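Here are my notes for anyone opening this one for the first time. Have a look at the sequence and the model, then read the points in order.

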Amino acid sequence: MGKRRLALCAGVLAVTAFGPAACAAYAADGGDVSVVPAAPAPGGDIALRVTGCDAREAVAQSPALVSDARLTPDDGDGLAGEGRVRSTVTAGTYTVTVACGGTEHRGTVEVVRKHTPAAGAEPSTYPSPVAPVNAGAGGAARDLAGGPERHGPGTAQTVVALALAGTAALTVHRAARRQARRGRRTG
């Protein structure tokens, strides 16, 4: 897939996945600081964005974050950066403060409790693939996984290879004989 098609697909995927969540996060916090996802679990990564900030750089702080998040200019008219929610934070709503050129912008992040399944319950999604992945060899992994194991070329490939080798040998032999005849005539 070409670079342009890959970039276009990634952009469409990002807008589809994060667009509604970003709108919900912005609407939920009522400020000019948005957090995506709006309701992360402890230990999760978040994207932060602030609008209305004229500075070239800002810092986002929150008791829910592992450390301060550095925000830099994004493609739009704001500043953006990433942060990580503390793995030890309890569920609840936390304030996110962005110090920007002498002004303070506020937003919120709602940390939700991680869902822990009941003892013996099957998870609804698996964290890794449970079947052969369609990767490499054009997705042939699934076909090869259950088929008979074969080594080397088949009969048809062997016959074609021998015919080509024989033709090449005959051509070299004829060229050598012609050159030898020419050498006898001139000498």
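1. Which residue in strand 5 is the bridge partner of Thr 72? It is Ala 80. Strand 4 and strand 5 run antiparallel and are joined by two bridges. Strands here are DSSP runs of E with at least two residues, helices are runs of H or I with at least four residues, and both are numbered from the N terminus. Two strands count as paired if DSSP finds at least two bridges between them.

2. Some housekeeping before going on. This is a predicted model, with local features needing pLDDT of at least 70 and side-chain atom pairs counting only at pLDDT 80 or more, while totals for chains, interfaces and linings use all residues. Residues are numbered from 1 along each chain as its sequence is written, and side-chain values use heavy atoms, with hydrogens and water left out.

3. Now the overall layout. The chain has three helices and seven strands, and from the N terminus the elements run α-β-β-β-β-β-β-β-α-α. Of its 187 residues, 20% are buried; buried means under 20% relative accessible area, exposed means over 50%, and partly exposed lies in between, using a 1.4 Å probe and protein chains only. The chain exposes about 13,700 Å², with carbon and sulfur atoms supplying 57% of that (Shrake-Rupley method, 1.4 Å probe, and for residues only the protein chains shown count as cover).

4. Three bridges link strand 3 to strand 4 in the antiparallel sense, and Ala 58 has Leu 71 of strand 4 as its bridge partner. Strand 3 also pairs with strand 6, again antiparallel and over three bridges. There, Val 59 is partnered with Ala 99, and Ala 60 stands opposite Val 98. Ala 58 and Ala 60 make up the covered face of strand 3, whereas Val 59 and Gln 61 are on the uncovered one.

5. What about strand 6 and strand 7? Nine bridges join this antiparallel pair, including the one between Gly 92 and Val 111. Their hairpin has two residues between the strands, and Gly 101 takes a positive phi near 55° there.

6. The largest nonpolar core has 21 residues, and those with the most contacts inside it are Leu 48, Val 50, Ala 60, Leu 71, Val 96 and Val 98. Such a core is a set of buried Ala, Val, Leu, Ile, Met, Phe, Trp, Tyr and Cys residues joined through side-chain atoms within 4.5 Å. Strand 1 (33-36), strand 2 (45-51), strand 3 (58-61), strand 4 (69-73), strand 6 (92-100) and strand 7 (103-111) each supply at least two of its residues. Strand 6 gives the most, with four.

7. Leu 79 sits in strand 5 (residues 78-84) and counts as buried because its relative accessibility is 2%. Leaving aside neighbours within four places in sequence, its contacts (heavy atoms within 4.5 Å) include Leu 48, Val 50, Cys 53 and Leu 71.

8. Finally, the disulfide, of which the structure holds one. A disulfide is a covalent bond between the sulfur atoms of two cysteines; the cut-off used here is a pair of cysteine sulfur atoms within 2.5 Å. Cys 53 is joined to Cys 100, with S to S at 1.4 Å. The torsion about their S-S bond is about 90°, so the disulfide is right-handed. Cys 53 lies in the loop between strand 2 and strand 3 and Cys 100 in strand 6, so this pair, 47 residues apart, links distant parts of the chain. Both cysteines, Cys 53 and Cys 100, are buried.
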